[in-house]
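Visitor: Could you walk me through this one? I have the sequence and the coordinates open, and I'd like to jump between topics as they come up.

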Amino acid sequence: MLLALIVLGLIGSTAALAAPRSARDRIACEDVKSVDLLFWPKGHGVIPAFGPNSSFPTPHMEVYRAGTTANAGFLAFIGTSEWNLATGCRVVDEEPFVRWGGGKKAIVRATRRIRCRFPGIVELKTSQLANGGSRLQITVRHTAAGVVDAAIRDAGSQLTYRTAYCKRVTLLPGSTP
């Protein structure tokens with residue numbers, strides 16, 4: 001009897017170790033080809049567009065359909081230790097492994113609003129950074145070529161984007177640079 005319990009325990013432990021990560025780590029948003037990246041490396045106070053209780057003083061980035069900050073346009077939130085992806089987009093396989101796709105890039109370390117227009121379906125991939133923090137990578141279609149890469153940390157957050165697709169636009173009223 002004891003041997004049977006040990007075998008069942010080992011089988012259960014092996015299954016737990018082999019369990020996949022969250023299936024929500026990479027999503028494809030078929031009807032989205034333009035996004036706004038709201039990058040706050042030091043957090044922000046109250047943003048009128050988000051309402052009176054919108055203060056969020058820790059580093060983070062939010063992603064919305066371009067031109068909207070309404071809940072219906074929400075695609076992703078990335079904080080230092082957590083993230084949340086839109087439920088209205090389709091979950092896709094995490095492969096291929098995303099790495100920088102090349103091309104001229106801009107690197108941002110200050111509060112910015114960046115608008116990106118892509119030639120195809122947008123995919124968003126999230127993960128934990130090995131040295132602390134969270135990452136968001138954006139690809140066009142289901143490829144390995146990243147066109148946006150954001151690293152959100154308690155200190156030293158950074159947003160990198162391909163300038164062929166993304167441009168700086170005016171901050172939301174109330175945002176602090």
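Guide: Let us begin with Gln137, which, leaving out residues up to four places away in sequence, touches Val98, Glu123, Leu124, Lys125, Val148 and Asp149, where contact means heavy atoms within 4.5 Å. This is a predicted model, in which local features need pLDDT of at least 70 and side-chain atom pairs count only at pLDDT 80 or more, while totals for chains, interfaces and linings use all residues. Residues are numbered from 1 along each chain as its sequence is written, and side-chain values use heavy atoms, with hydrogens and water left out.

Visitor: Where is Gln137 found, and is Gln137 buried or exposed?

Guide: Gln137 is found in strand 11, residues 134-140 (strands are DSSP runs of E with at least two residues, helices are runs of H or I with at least four, and both are numbered from the N terminus). With a relative accessible area of 9%, Gln137 is buried (buried means under 20% relative accessible area, exposed over 50%, and partly exposed in between, with a 1.4 Å probe and protein chains only).

Visitor: What does the side chain of Gln137 reach?

Guide: The side chain reaches the backbone oxygen of Val98, at 3.4 Å.

Visitor: OK, aromatics next. How many aromatic pairs does the structure hold?

Guide: The structure holds five aromatic pairs. Rings of Phe, Tyr and Trp (its six-membered ring) pair if their centres lie within 6.5 Å, and planes under 30 degrees apart count as stacked, over 60 as edge-to-face and the rest as tilted. Trp40 and Phe50 form an edge-to-face pair, at 6.3 Å centre to centre and with 75° between the planes. Trp40 lies in strand 2 and Phe50 in the loop between strand 2 and strand 3, so this pair ties together parts that are ten residues apart in sequence. Trp40 is buried at 2% relative accessibility, whereas Phe50 is partly exposed at 24%.

Visitor: Which residues form one aromatic cluster?

Guide: One aromatic cluster is formed by Trp40, Phe50, Tyr64 and Phe74.

Visitor: And the nonpolar core: how many residues has the largest one?

Guide: The largest nonpolar core has 31 residues, and among those with the most contacts inside it are Leu37, Val63, Phe118 and Leu124. Such a core is a set of buried Ala, Val, Leu, Ile, Met, Phe, Trp, Tyr and Cys residues joined through side-chain atoms within 4.5 Å. Strand 12, residues 145-152, supplies the largest share of this core, four residues. Apart from it lies another core, of five residues, including Leu38 and Trp40.

Visitor: Last one: how many bridges join strand 2 to strand 9?

Guide: Strand 2 (residues 34-40) and strand 9 (residues 112-117) run antiparallel and are joined by six bridges, with Arg117 as the bridge partner of Ser34. Strand 9 also pairs with strand 14 (residues 166-169) in the antiparallel sense, over four bridges, and there Ile114 has Arg168 as its bridge partner. Two strands pair if DSSP finds at least two bridges between them.

Note on methods:
Polar contact = N/O pair within 3.5 Å; in protein donor to acceptor, adjacent residues only side chain to side chain.
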